[in-house]
Amino acid sequence: MGKRLAILAIRLLVSVNLLYAAIFLKFAGVPGAVALFTLMSQTFHGLVSQPVFRLGSGVFETVVAVLLLIPKTARLGAGLTVVWMTAVVLSHILVLGYGWFFVDALMVMVMAVIYLLLTRRHSHWGEPKSAGTTAAG
């Protein structure tokens, strides 16, 4: 019961965090978020404009948050969160600097990794085959 509650809590915390960042920071165009995405856009020589960068990441985070809320797609959502937060952490290390958003990204990534570890299925490799199976399968 405790493990199931922890798994649900992690899913909800990561989802709420992603939705908050998407809705209240990126979609709303908060000046701090606009400044960060302007800097990221300039880093990539304007190949992606600030609004497209900011709103596109908000859409992606919203989709991932919804995947986390659906039990059958939660592992996919957690995996995408780990990949996404790795990119976010690297962007902070290499371009944006350290601050609250950096710490938040690290915590979200750690929670997603913990979720993946708690919900992994053990491999059946190395187990002896049952008497009724053949080498072909």
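The loop between α2 and α3 contains His45. In this predicted model, His45 has a positive phi of about 55 degrees, although the residue is not a glycine. His45 is also exposed, with a relative accessible area of 73%.

I turn now to helix α3.

Which residues of α3 are buried? They are Gln50, Arg54, Ser57, Gly58, Glu61, Val64, Ala65, Leu67 and Leu68. As a general point, an α-helix has 3.6 residues a turn, so residues three or four places apart point the same way.

Let me consider the pairing with α1. Two packed helices are described by the angle between their axes and the distance between the axes. Here the axes of α1 and α3 come within 8 Å and cross at roughly 155 degrees. Angles over 145 degrees count as roughly antiparallel, and α1 and α3 are therefore roughly antiparallel to each other. The crossing of α1 past α3 is left-handed.

On the α1 side, the residues making this contact include Leu12, Leu18, Leu19 and Phe27, together with Arg11 and Lys26. On the α3 side, they include Arg54, Gly58, Glu61, Val64 and Leu68. The residues of the contact of α1 with α3 divide into 13 nonpolar, four polar and four charged.

Conventions
Residues numbered from 1 in each chain as written. Predicted model: local features only at pLDDT ≥ 70, side-chain atom pairs only at ≥ 80, totals over all residues. Heavy atoms only, no water. Buried < 20%, exposed > 50% of the residue type's maximum accessible area, 1.4 Å probe, protein only. Helix = DSSP H or I, 4+ residues; strand = E, 2+ residues; numbered from the N terminus. Axes fitted to C-alpha atoms, helices over the stretch in contact; angles between N-to-C directions. Parallel < 35°, antiparallel > 145°, perpendicular 65-115°, else oblique. Left-handed = near helix turned anticlockwise from the far one by under 90°. Contact = heavy atoms within 4.5 Å. Nonpolar A, V, L, I, M, F, W, Y, C, P; charged D, E, K, R; others polar.
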